[in-house]
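Biologist: I would like to go through this model one point at a time. Please give the cut-offs as the terms come up.

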Amino acid sequence: MKVLIINGPNLNLLGLRQPEVYGKLTYNDLLSYCQKEADKLGIEVNFFQSNHEGAIIDVIQDSYNKVDGIIINAGAYTHYSIAIMDALKSVNIPTIEVHLSDIYKREEYRHISYIKEASIASFVGLGFEGYKKALIKIKENIGK
């Protein structure tokens, strides 16, 4: 089983960016955590991070017939990128939305999620554990 984990804008700055919201752990810490959890589940995981909407769309489109699931934290693109939503819907790969913080307890403009429209589940406000729950959910969904 192959899963692609996509992280959007500013996730590469974890540990520096608003530690009061996102914590002090770094992006490399996140990748290590996800790899460890994927290994426990027997999932091959690949990572992609970009601050560019088009690059995220390209990697989603390129994943068609190559991965069994997608986990995506689209960052700010969550709230306005119909293009990323359309790309996810187009490839029809089981997708789970993840956010480190609880977007529904933050600024009102963050309450809108276009990514949710293309996802089978969402995990918000759980920090790194949201990625673990997403990996488990993907495995359960594909196993059906």
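The questions below go from the whole chain to single residues.

Biologist: What kind of model is this, and how are residues numbered?

Modeller: This is a predicted model, in which local features need pLDDT of at least 70, side-chain atom pairs count only at pLDDT 80 or more, and totals for chains, interfaces and linings use all residues. Side-chain values use heavy atoms, with hydrogens and water left out, and residues are numbered from 1 along each chain as its sequence is written.

Biologist: How many helices and strands does the chain have, and what pattern does the chain follow?

Modeller: Helices (H or I, at least four residues) and strands (E, at least two) are DSSP runs, numbered from the N terminus. The secondary structure comes to five helices and five strands. Along the sequence, the pattern is β-α-α-β-α-β-α-β-β-α.

Biologist: What radius of gyration does the chain have, against that of a compact globule?

Modeller: The C-alpha atoms fill a box of roughly 35 × 35 × 25 Å along the principal axes. The radius of gyration is taken over C-alpha atoms, and the globule rule is 2.2 Å times the number of residues to the power 0.38. For 144 residues a compact globule would come near 15 Å, and the chain agrees with this at 14 Å.

Biologist: What percentage of the residues in the chain is buried?

Modeller: Buried means under 20% relative accessible area, exposed over 50%, and partly exposed in between (1.4 Å probe, protein chains only). Of the 144 residues in the chain, the buried share is 45%.

Biologist: What is the strand order of the open sheet, and which strands stand at the edges?

Modeller: Two strands pair if DSSP finds at least two bridges between them. The open sheet has five strands with parallel pairing, in the order S2-S1-S3-S4-S5. Each edge strand has a single partner strand, so one side of each is left without a neighbour in the sheet; these strands are S2 (44-49) and S5 (121-124).

Biologist: Why is S1 largely enclosed by the rest of the structure?

Modeller: The count of buried residues gives the reason. S1 has six residues, and it is largely enclosed because the number of them that are buried is five.

Biologist: Which residues of H3 are buried, and on which side of H3 are they?

Modeller: The buried residues of H3 are Ile 56, Ile 57, Val 59 and Ile 60. The arc is that of the directions from the helix axis to the C-beta atoms. These residues cover an arc of only 165° around the axis, which means that they lie on the same side of H3.

Biologist: What covers those buried residues of H3?

Modeller: Contact means heavy atoms within 4.5 Å. The cover of the buried residues of H3 includes helix H4 (82-91) and the strands S1, S2 and S3.

Biologist: Is Glu 37 buried or exposed, and which residues does Glu 37 touch?

Modeller: Glu 37 is in helix H2. Its relative accessibility is 6%, so Glu 37 counts as buried. Not counting residues up to four places away in sequence, Glu 37 touches Lys 132 and Leu 135.

Biologist: Where is Thr 26, and which residues is Thr 26 in contact with?

Modeller: Thr 26 is in the loop between H1 and H2, and counts as partly exposed at 32% relative accessibility. Leaving aside neighbours within four places in sequence, its contacts are Leu 14, Gly 15 and Phe 128.

Biologist: What is the phi of Asn 10, and what is the phi of Asn 65?

Modeller: Most residues other than glycine have a negative phi. Asn 10 is in the loop between strand S1 (2-7) and helix H1 (19-22), and is partly exposed at 33% relative accessible area. Asn 65 is in the loop between helix H3 (53-62) and strand S3 (69-73), and counts as exposed at 67% relative accessibility. Phi is positive in both: about 75° for Asn 10 and near 65° for Asn 65.
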